[in-house]
Amino acid sequence: MKINSIQLLRAVAVILVVHVHAIDLQEAFTVSHQQKFYFLENFGAIGVDLFFGISGFIISYVASNYFGARDGVDFLKKRFLRINPIYYVASVCYMVFFCFFDRMYPITAILYGWRDTIFMLPVLNSQKWLAPILVVGWSLSFEWWFYFLFFFLILFRTKYKTLLLLLVIPALVAVGQLLKPTDFRLIFYTNPIMLEFLFGVIIFWLYRHVKVVTGVAGLLLLLGIGGYVYNIVYGFGNISELSSVTSGTGSLKRVLLWGLPSACILAGCIFLEQRGVWARLWNNKWGLLIGDASYSIYLTHYTFYYFIAQIYAATGYFMNADLSVIVHMVLAVAVGIFFYYKVERPLIKLLHSRPAARPVHTAMP
(Lines give C-alpha, C1' and ligand atoms only; values in the text may rest on other atoms or scores of the structure.)
Protein backbone atom coordinates (compact mmCIF):
# COMPACT_ATOMS: atom_id res chain seq x y z
CA MET A 1 0.00 0.00 0.00
CA LYS A 2 1.33 3.43 -0.96
CA ILE A 3 1.23 6.06 1.77
CA ASN A 4 0.59 9.28 -0.09
CA SER A 5 1.47 11.54 2.84
CA ILE A 6 5.01 10.14 2.58
CA GLN A 7 5.17 11.19 -1.06
CA LEU A 8 3.91 14.66 -0.21
CA LEU A 9 6.52 15.01 2.55
CA ARG A 10 9.23 13.90 0.15
CA ALA A 11 8.09 16.74 -2.11
CA VAL A 12 8.26 19.19 0.80
CA ALA A 13 11.71 17.91 1.79
CA VAL A 14 13.22 18.28 -1.68
CA ILE A 15 11.66 21.74 -2.17
CA LEU A 16 13.30 22.84 1.09
CA VAL A 17 16.69 21.60 -0.14
CA VAL A 18 16.20 23.20 -3.55
CA HIS A 19 15.31 26.47 -1.81
CA VAL A 20 18.44 26.63 0.35
CA HIS A 21 20.68 26.06 -2.65
CA ALA A 22 18.69 28.57 -4.73
CA ILE A 23 19.52 31.20 -2.11
CA ASP A 24 23.18 30.10 -2.21
CA LEU A 25 23.14 30.66 -5.97
CA GLN A 26 21.44 34.05 -5.72
CA GLU A 27 23.58 35.44 -2.91
CA ALA A 28 26.74 34.76 -4.91
CA PHE A 29 25.64 37.62 -7.18
CA THR A 30 23.18 39.83 -5.29
CA VAL A 31 21.21 40.31 -2.05
CA SER A 32 17.62 39.20 -1.49
CA HIS A 33 15.07 39.76 1.24
CA GLN A 34 14.84 35.99 1.70
CA GLN A 35 18.45 35.63 2.75
CA LYS A 36 17.94 38.38 5.33
CA PHE A 37 14.56 37.18 6.64
CA TYR A 38 15.43 36.04 10.16
CA PHE A 39 17.28 32.71 9.71
CA LEU A 40 15.52 31.51 6.55
CA GLU A 41 18.72 31.61 4.49
CA ASN A 42 20.10 28.19 5.51
CA PHE A 43 16.93 26.68 6.92
CA GLY A 44 16.09 24.63 3.80
CA ALA A 45 18.86 22.17 4.67
CA ILE A 46 16.35 20.72 7.14
CA GLY A 47 14.85 18.87 4.18
CA VAL A 48 17.62 16.27 4.55
CA ASP A 49 16.57 15.62 8.16
CA LEU A 50 13.00 15.07 6.99
CA PHE A 51 14.32 12.66 4.36
CA PHE A 52 16.21 10.69 7.02
CA GLY A 53 13.07 10.23 9.10
CA ILE A 54 11.14 9.15 6.00
CA SER A 55 13.86 6.61 5.19
CA GLY A 56 13.69 5.10 8.66
CA PHE A 57 9.93 4.68 8.27
CA ILE A 58 9.97 3.33 4.71
CA ILE A 59 12.78 0.82 5.23
CA SER A 60 10.98 -0.54 8.28
CA TYR A 61 7.75 -0.61 6.30
CA VAL A 62 9.11 -2.61 3.36
CA ALA A 63 11.63 -4.86 5.11
CA SER A 64 10.28 -5.57 8.60
CA ASN A 65 9.34 -9.09 7.48
CA TYR A 66 12.70 -9.89 5.90
CA PHE A 67 14.59 -12.69 7.65
CA GLY A 68 17.82 -14.54 6.91
CA ALA A 69 20.72 -14.34 4.51
CA ARG A 70 18.69 -14.64 1.29
CA ASP A 71 16.34 -11.83 2.27
CA GLY A 72 19.28 -9.78 3.50
CA VAL A 73 21.12 -10.04 0.20
CA ASP A 74 17.88 -9.29 -1.64
CA PHE A 75 17.40 -6.21 0.54
CA LEU A 76 20.90 -4.84 -0.19
CA LYS A 77 20.56 -5.62 -3.88
CA LYS A 78 17.30 -3.70 -4.15
CA ARG A 79 18.69 -0.77 -2.19
CA PHE A 80 21.77 -0.66 -4.41
CA LEU A 81 19.81 -0.83 -7.66
CA ARG A 82 17.36 1.80 -6.46
CA ILE A 83 19.89 4.28 -5.08
CA ASN A 84 23.32 3.90 -6.65
CA PRO A 85 23.06 3.64 -10.47
CA ILE A 86 21.06 6.86 -10.80
CA TYR A 87 23.41 8.52 -8.30
CA TYR A 88 26.42 7.54 -10.42
CA VAL A 89 24.74 8.90 -13.57
CA ALA A 90 23.98 12.21 -11.85
CA SER A 91 27.55 12.38 -10.52
CA VAL A 92 28.99 11.90 -14.01
CA CYS A 93 26.75 14.71 -15.30
CA TYR A 94 28.02 17.06 -12.61
CA MET A 95 31.65 16.07 -13.20
CA VAL A 96 31.32 16.78 -16.93
CA PHE A 97 30.06 20.29 -16.14
CA PHE A 98 32.67 21.28 -13.60
CA CYS A 99 35.53 19.74 -15.58
CA PHE A 100 34.37 21.75 -18.61
CA PHE A 101 34.05 25.05 -16.74
CA ASP A 102 36.98 24.54 -14.36
CA ARG A 103 39.73 22.84 -16.31
CA MET A 104 42.25 23.52 -13.55
CA TYR A 105 40.27 21.40 -11.05
CA PRO A 106 42.81 19.16 -9.23
CA ILE A 107 42.83 15.57 -10.46
CA THR A 108 43.39 14.40 -6.88
CA ALA A 109 40.09 16.00 -5.84
CA ILE A 110 38.35 14.08 -8.63
CA LEU A 111 39.95 10.82 -7.50
CA TYR A 112 38.99 11.40 -3.86
CA GLY A 113 35.53 12.40 -5.03
CA TRP A 114 34.99 9.16 -6.89
CA ARG A 115 36.32 7.20 -3.92
CA ASP A 116 33.59 8.68 -1.73
CA THR A 117 31.01 8.41 -4.52
CA ILE A 118 31.56 4.72 -5.24
CA PHE A 119 32.40 3.32 -1.81
CA MET A 120 30.22 5.79 0.14
CA LEU A 121 31.12 4.38 3.57
CA PRO A 122 34.51 5.47 5.02
CA VAL A 123 36.98 2.58 5.27
CA LEU A 124 40.42 4.24 4.98
CA ASN A 125 42.19 5.43 8.11
CA SER A 126 43.60 8.36 6.14
CA GLN A 127 40.15 9.64 5.23
CA LYS A 128 39.18 12.84 7.02
CA TRP A 129 35.90 13.86 5.38
CA LEU A 130 33.16 12.92 2.92
CA ALA A 131 33.77 14.58 -0.44
CA PRO A 132 31.69 12.84 -3.15
CA ILE A 133 31.73 14.23 -6.67
CA LEU A 134 28.15 15.41 -6.20
CA VAL A 135 28.18 17.17 -2.85
CA VAL A 136 24.58 16.30 -1.96
CA GLY A 137 25.64 12.66 -2.02
CA TRP A 138 26.97 12.97 1.55
CA SER A 139 23.50 12.11 2.84
CA LEU A 140 23.50 8.83 0.91
CA SER A 141 26.53 7.69 2.92
CA PHE A 142 24.45 7.85 6.11
CA GLU A 143 21.59 6.19 4.24
CA TRP A 144 23.85 3.26 3.44
CA TRP A 145 25.07 2.99 7.02
CA PHE A 146 21.44 2.68 8.10
CA TYR A 147 20.83 0.08 5.38
CA PHE A 148 23.73 -2.02 6.66
CA LEU A 149 22.48 -1.82 10.23
CA PHE A 150 19.09 -3.02 9.02
CA PHE A 151 20.78 -5.73 6.93
CA PHE A 152 22.48 -7.16 10.02
CA LEU A 153 19.11 -7.42 11.75
CA ILE A 154 17.70 -9.26 8.72
CA LEU A 155 20.74 -11.54 8.64
CA PHE A 156 20.26 -12.60 12.27
CA ARG A 157 16.54 -13.27 11.70
CA THR A 158 15.39 -11.01 14.50
CA LYS A 159 11.67 -10.28 14.81
CA TYR A 160 12.34 -7.29 17.05
CA LYS A 161 14.06 -4.97 14.63
CA THR A 162 12.62 -1.79 16.17
CA LEU A 163 13.70 -2.79 19.68
CA LEU A 164 17.22 -3.70 18.57
CA LEU A 165 17.63 -0.49 16.59
CA LEU A 166 16.47 1.36 19.71
CA LEU A 167 19.40 -0.26 21.49
CA VAL A 168 22.07 -0.31 18.78
CA ILE A 169 21.85 3.22 17.32
CA PRO A 170 21.80 5.05 20.70
CA ALA A 171 24.62 2.77 21.89
CA LEU A 172 26.76 3.74 18.89
CA VAL A 173 25.99 7.41 19.49
CA ALA A 174 26.85 7.04 23.19
CA VAL A 175 30.20 5.45 22.33
CA GLY A 176 31.01 8.38 20.07
CA GLN A 177 30.03 10.93 22.71
CA LEU A 178 32.12 9.19 25.38
CA LEU A 179 35.22 8.41 23.32
CA LYS A 180 35.18 11.58 21.18
CA PRO A 181 37.15 9.79 18.43
CA THR A 182 39.48 11.55 16.03
CA ASP A 183 39.47 8.75 13.44
CA PHE A 184 36.92 9.81 10.83
CA ARG A 185 35.58 6.27 10.49
CA LEU A 186 34.57 6.15 14.14
CA ILE A 187 33.16 9.68 13.92
CA PHE A 188 31.02 8.59 10.98
CA TYR A 189 29.74 5.29 12.42
CA THR A 190 28.86 6.88 15.78
CA ASN A 191 27.39 10.08 14.33
CA PRO A 192 24.27 11.27 16.24
CA ILE A 193 22.56 12.10 12.94
CA MET A 194 21.64 8.38 12.78
CA LEU A 195 19.06 9.05 15.49
CA GLU A 196 16.91 10.69 12.83
CA PHE A 197 16.52 7.35 11.03
CA LEU A 198 15.55 5.86 14.38
CA PHE A 199 12.72 8.38 14.71
CA GLY A 200 11.27 7.00 11.47
CA VAL A 201 11.62 3.44 12.75
CA ILE A 202 9.71 4.35 15.93
CA ILE A 203 6.97 6.07 13.92
CA PHE A 204 6.60 2.91 11.83
CA TRP A 205 6.18 0.78 14.99
CA LEU A 206 3.48 3.16 16.25
CA TYR A 207 1.81 3.11 12.83
CA ARG A 208 1.60 -0.68 12.98
CA HIS A 209 0.75 -1.21 16.65
CA VAL A 210 -1.00 1.90 18.01
CA LYS A 211 -4.17 3.64 16.88
CA VAL A 212 -3.19 7.27 17.18
CA VAL A 213 -6.27 9.46 17.52
CA THR A 214 -6.80 12.42 15.20
CA GLY A 215 -6.22 14.98 17.95
CA VAL A 216 -2.81 13.56 18.84
CA ALA A 217 -1.82 13.36 15.15
CA GLY A 218 -2.83 16.99 14.65
CA LEU A 219 -0.92 18.04 17.77
CA LEU A 220 2.22 16.30 16.50
CA LEU A 221 1.92 18.12 13.19
CA LEU A 222 1.46 21.47 14.93
CA LEU A 223 4.45 20.82 17.20
CA GLY A 224 6.60 20.02 14.18
CA ILE A 225 5.52 23.11 12.27
CA GLY A 226 6.04 25.17 15.43
CA GLY A 227 9.57 23.78 15.69
CA TYR A 228 10.27 24.81 12.10
CA VAL A 229 8.97 28.34 12.75
CA TYR A 230 11.06 28.56 15.94
CA ASN A 231 14.20 27.68 13.98
CA ILE A 232 13.50 30.32 11.33
CA VAL A 233 12.82 33.04 13.92
CA TYR A 234 15.41 32.24 16.60
CA GLY A 235 18.13 30.50 14.61
CA PHE A 236 20.05 27.24 14.84
CA GLY A 237 23.76 28.08 14.77
CA ASN A 238 25.96 26.33 12.23
CA ILE A 239 24.11 22.99 12.15
CA SER A 240 23.12 23.59 8.53
CA GLU A 241 26.77 23.40 7.44
CA LEU A 242 27.97 20.12 5.95
CA SER A 243 31.17 20.10 8.01
CA SER A 244 29.10 20.40 11.19
CA VAL A 245 27.25 17.18 10.37
CA THR A 246 30.01 15.02 8.92
CA SER A 247 32.43 15.93 11.71
CA GLY A 248 29.74 15.16 14.27
CA THR A 249 30.34 18.45 16.10
CA GLY A 250 26.85 19.80 15.41
CA SER A 251 24.95 16.57 14.82
CA LEU A 252 23.36 16.16 18.23
CA LYS A 253 22.16 19.76 18.22
CA ARG A 254 20.82 19.22 14.71
CA VAL A 255 18.91 16.13 15.81
CA LEU A 256 17.28 18.10 18.63
CA LEU A 257 16.52 21.29 16.69
CA TRP A 258 15.77 19.79 13.28
CA GLY A 259 15.32 16.04 13.66
CA LEU A 260 12.65 16.14 16.36
CA PRO A 261 10.29 18.63 14.67
CA SER A 262 10.78 16.81 11.36
CA ALA A 263 9.81 13.56 13.09
CA CYS A 264 6.71 15.25 14.55
CA ILE A 265 5.65 16.46 11.09
CA LEU A 266 6.28 13.00 9.64
CA ALA A 267 4.28 11.28 12.37
CA GLY A 268 1.47 13.81 12.29
CA CYS A 269 0.97 13.52 8.52
CA ILE A 270 1.14 9.71 8.47
CA PHE A 271 -1.29 9.32 11.35
CA LEU A 272 -3.69 11.90 9.91
CA GLU A 273 -3.77 10.01 6.61
CA GLN A 274 -4.23 6.76 8.51
CA ARG A 275 -7.30 8.29 10.20
CA GLY A 276 -8.69 9.36 6.83
CA VAL A 277 -8.15 13.08 7.44
CA TRP A 278 -7.24 15.51 4.61
CA ALA A 279 -7.47 12.88 1.88
CA ARG A 280 -7.54 15.55 -0.85
CA LEU A 281 -4.26 17.00 0.40
CA TRP A 282 -2.46 13.64 0.37
CA ASN A 283 -3.77 12.92 -3.14
CA ASN A 284 -2.67 16.20 -4.69
CA LYS A 285 -1.33 15.23 -8.11
CA TRP A 286 1.46 17.83 -8.20
CA GLY A 287 2.63 16.94 -4.72
CA LEU A 288 2.66 13.24 -5.63
CA LEU A 289 4.54 13.94 -8.87
CA ILE A 290 7.24 15.96 -7.12
CA GLY A 291 7.40 13.30 -4.40
CA ASP A 292 7.88 10.57 -7.01
CA ALA A 293 10.58 12.64 -8.74
CA SER A 294 12.19 13.90 -5.52
CA TYR A 295 15.28 11.70 -5.78
CA SER A 296 15.99 12.94 -9.31
CA ILE A 297 15.34 16.54 -8.24
CA TYR A 298 17.67 16.09 -5.27
CA LEU A 299 20.46 14.69 -7.45
CA THR A 300 20.17 17.12 -10.37
CA HIS A 301 19.33 20.53 -8.87
CA TYR A 302 22.90 21.17 -7.71
CA THR A 303 24.25 20.54 -11.22
CA PHE A 304 21.56 22.77 -12.70
CA TYR A 305 22.44 25.59 -10.30
CA TYR A 306 26.13 25.20 -11.10
CA PHE A 307 25.35 25.56 -14.81
CA ILE A 308 23.16 28.64 -14.19
CA ALA A 309 25.92 30.19 -12.06
CA GLN A 310 28.35 29.89 -14.98
CA ILE A 311 25.87 31.72 -17.22
CA TYR A 312 25.49 34.55 -14.69
CA ALA A 313 29.25 34.76 -14.28
CA ALA A 314 29.53 35.36 -18.01
CA THR A 315 26.48 37.61 -18.58
CA GLY A 316 25.85 39.25 -15.22
CA TYR A 317 22.85 38.80 -12.92
CA PHE A 318 19.78 40.23 -14.60
CA MET A 319 16.78 39.25 -12.42
CA ASN A 320 15.23 40.57 -9.24
CA ALA A 321 16.94 38.73 -6.39
CA ASP A 322 13.84 37.34 -4.65
CA LEU A 323 12.08 36.52 -7.88
CA SER A 324 15.17 34.70 -9.14
CA VAL A 325 15.12 32.33 -6.14
CA ILE A 326 11.59 31.23 -7.06
CA VAL A 327 12.36 31.01 -10.78
CA HIS A 328 15.46 28.92 -10.13
CA MET A 329 13.49 26.60 -7.85
CA VAL A 330 10.76 26.07 -10.43
CA LEU A 331 13.30 25.39 -13.17
CA ALA A 332 15.32 23.04 -10.94
CA VAL A 333 12.19 21.04 -10.09
CA ALA A 334 11.24 20.91 -13.78
CA VAL A 335 14.73 19.66 -14.73
CA GLY A 336 14.52 17.04 -11.99
CA ILE A 337 11.12 15.83 -13.20
CA PHE A 338 12.48 15.62 -16.75
CA PHE A 339 15.44 13.59 -15.44
CA TYR A 340 13.00 11.37 -13.55
CA TYR A 341 11.00 10.55 -16.66
CA LYS A 342 13.89 10.28 -19.11
CA VAL A 343 16.62 8.71 -16.96
CA GLU A 344 15.51 7.46 -13.54
CA ARG A 345 12.34 5.59 -14.52
CA PRO A 346 13.82 3.93 -17.64
CA LEU A 347 16.92 2.94 -15.67
CA ILE A 348 14.84 1.44 -12.86
CA LYS A 349 12.74 -0.43 -15.42
CA LEU A 350 15.89 -1.79 -17.05
CA LEU A 351 17.46 -2.87 -13.75
CA HIS A 352 14.24 -4.47 -12.52
CA SER A 353 13.22 -6.13 -15.76
CA ARG A 354 12.64 -9.41 -13.95
CA PRO A 355 9.63 -9.73 -11.63
CA ALA A 356 10.67 -9.01 -8.05
CA ALA A 357 9.60 -11.14 -5.10
CA ARG A 358 8.63 -8.04 -3.12
CA PRO A 359 7.62 -4.55 -4.29
CA VAL A 360 10.37 -1.94 -4.34
CA HIS A 361 9.76 1.37 -2.56
CA THR A 362 11.89 4.46 -2.47
CA ALA A 363 13.43 5.39 0.88
CA MET A 364 15.38 8.41 -0.25
CA PRO A 365 14.35 11.27 -2.41
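This note goes through the predicted model of the chain, from its overall build to a few single residues.

1. Fold content. The chain has 16 helices and zero strands. Its radius of gyration is 20 Å, close to the 21 Å that the globule rule gives for 365 residues, so the chain is as compact as a globular protein of that length. Along the principal axes, the C-alpha atoms fill a box of roughly 60 × 50 × 45 Å.

2. Packing. Of the 365 residues, 53% are buried. Among contacts between residues at least 6 apart in sequence, 80% join residues at least 24 apart.

3. Surface and charge. The side chains include 28 positive and 16 negative ones. The centres of these two sets lie 12 Å apart.

4. Cysteines. A disulfide is a covalent bond between the sulfur atoms of two cysteines. The structure holds zero disulfides. Cys264 is accordingly in no disulfide, and the nearest cysteine sulfur, that of Cys269, is 11 Å away. A disulfide here requires sulfur atoms within 2.5 Å. Cys93 is partly exposed, with a relative accessible area of 33%.

5. Gly44. This glycine sits in the loop between helix H2 (33-36) and helix H3 (46-63). Gly44 counts as buried because its relative accessibility is 2%, and the cut-off for buried is under 20%. Apart from neighbours within four places in sequence, Gly44 is in contact with Leu16, Val17 and Val20. For Gly44 and Val20, the C-alpha atoms are 4.6 Å apart in space, while the two residues are 24 apart in sequence.

6. Lys180. Most residues other than glycine have a negative phi. Lys180 has a positive phi, near 45°, and is not a glycine. The residue lies in the loop between helix H7 (161-179) and helix H8 (184-189). Lys180 counts as exposed, at 60% relative accessibility, since the cut-off for exposed is over 50%.

7. Trp278. Here too phi is positive, at about 60°, in a residue that is not a glycine. Trp278 is placed in the loop between helix H12 (251-274) and helix H13 (279-282). With a relative accessible area of 47%, Trp278 is partly exposed. That value falls between the cut-offs of 20% for buried and 50% for exposed.

Conventions: Residues numbered from 1 in each chain as written. Predicted model: local features only at pLDDT ≥ 70, side-chain atom pairs only at ≥ 80, totals over all residues. Heavy atoms only, no water. Helix = DSSP H or I, 4+ residues; strand = E, 2+ residues; numbered from the N terminus. Rg over C-alpha atoms; globule rule 2.2 N^0.38 Å. Buried < 20%, exposed > 50% of the residue type's maximum accessible area, 1.4 Å probe, protein only. Contact = heavy atoms within 4.5 Å. Lys, Arg positive; Asp, Glu negative; His and termini not counted. Charge placed at Lys NZ, Arg CZ, Asp CG, Glu CD.
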